[in-house]
Amino acid sequence: MKLPRILITAMRSGAGKTMLTCGILKAMKMQEINPASFKCGPDYIDPMFHRAVLGVPSHNLDLFFSTTQTVRWLYTSGAAGHGSAVCEGAMGYYDGLGGVSWHTADVLDLPVLLVVRPKGASLTLAAQLQGLKAFRTPHHIAGVLLNDCTEMLYKLLAPMLERETGLPVVGFLPPMPDAAIESRHLG
């Protein structure tokens, strides 16, 4: 049996990857699942947020500066002794040299949760999701989470997105007060 694992990414930066990753890590810790955390690329800021939640180091998985064998070893050794593995993507899913998040999901065969902010779009989101699915094979996208989304909008969008894309919409996170958003940028 494989260790429960996921890579959390988005269509672009600023979609809420770090907030969702930290929330999932905290929920797992509270349920005594003992997750290991990872970050795609040479990022040192987001792993500090992961560490603040878990109290243990987060690991970087960088396929630009490391070989695939090294990244597999870092992932396997970092996840050893843990109940799950949560990896946070970088930028947009296919962004960065070599498509940092997609490449990591592909090398480690990770299912991907795509964080999407639906503000100002509806059916266009389905087209964008279809584009993400078609761009690389395999796409690894296992589900979608709508961030900064009201319950009413979620109830309208989820069935349509599922019907149009074949991807499950696993839930939504409601809009955050501006003060909470500002605190993220201030650390």
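Analyst: Start with overall form, and keep in mind that this is a predicted model. A compact globule of 187 residues would have a radius of gyration near 16 Å; the chain has 16 Å, so the two agree. Along its principal axes, the C-alpha trace spans about 40 × 40 × 30 Å.

User: How many helices and strands does the chain have, and in what order do the elements run?

Analyst: Count first, then read from the N terminus. There are seven helices and seven strands. The order is β-α-β-α-β-α-β-α-β-α-β-α-β-α.

User: What share of the residues is buried?

Analyst: Buried residues account for 43% of the 187 in the chain. The accessible area is about 9,600 Å², and carbon and sulfur atoms contribute 61% of that.

User: Which contacts tell me about links across the sequence?

Analyst: Take contacts between residues at least 6 apart in sequence. Of these, 73% join residues at least 24 apart.

User: On to charges. How many salt bridges does a search of the whole structure find?

Analyst: Five. Lys39 pairs with Asp43, with the closest N and O atoms 3.9 Å apart. That falls within the 4 Å cut-off for a salt bridge.

User: What else does the Lys39 side chain meet in a salt bridge?

Analyst: Glu88, at 3.3 Å from N to O. This pair links distant parts of the chain: Lys39 lies in strand S2 and Glu88 in strand S4, 49 residues apart. Both Lys39 and Glu88 are buried.

User: Where do Arg117 and Asp148 lie?

Analyst: Arg117 and Asp148 form a salt bridge, with the closest N and O atoms 3.0 Å apart. Arg117 sits in the loop between strand S5 and helix H5, and Asp148 in the loop between strand S6 and helix H6. The two are 31 residues apart.

User: How far apart are the mean positions of the positive and negative charges?

Analyst: The chain has 16 positive and 14 negative charges, and their mean positions are 3 Å apart.

Definitions and conventions
Residues are numbered from 1 along each chain as its sequence is written. This is a predicted model: local features need pLDDT of at least 70, side-chain atom pairs count only at pLDDT 80 or more; totals for chains, interfaces and linings use all residues. Side-chain values use heavy atoms; hydrogens and water are left out. Helices (H or I, at least four residues) and strands (E, at least two) are DSSP runs, numbered from the N terminus. Buried means under 20% relative accessible area, exposed over 50%, partly exposed in between (1.4 Å probe, protein chains only). The radius of gyration is taken over C-alpha atoms; the globule rule is 2.2 Å times the number of residues to the power 0.38. Contact means heavy atoms within 4.5 Å. Accessible areas come from the Shrake-Rupley method with a 1.4 Å probe; for residues, only the protein chains shown count as cover. Lys and Arg count as positive and Asp and Glu as negative; His and the chain ends are not counted. The place of a charge is taken as NZ of Lys, CZ of Arg, CG of Asp or CD of Glu.
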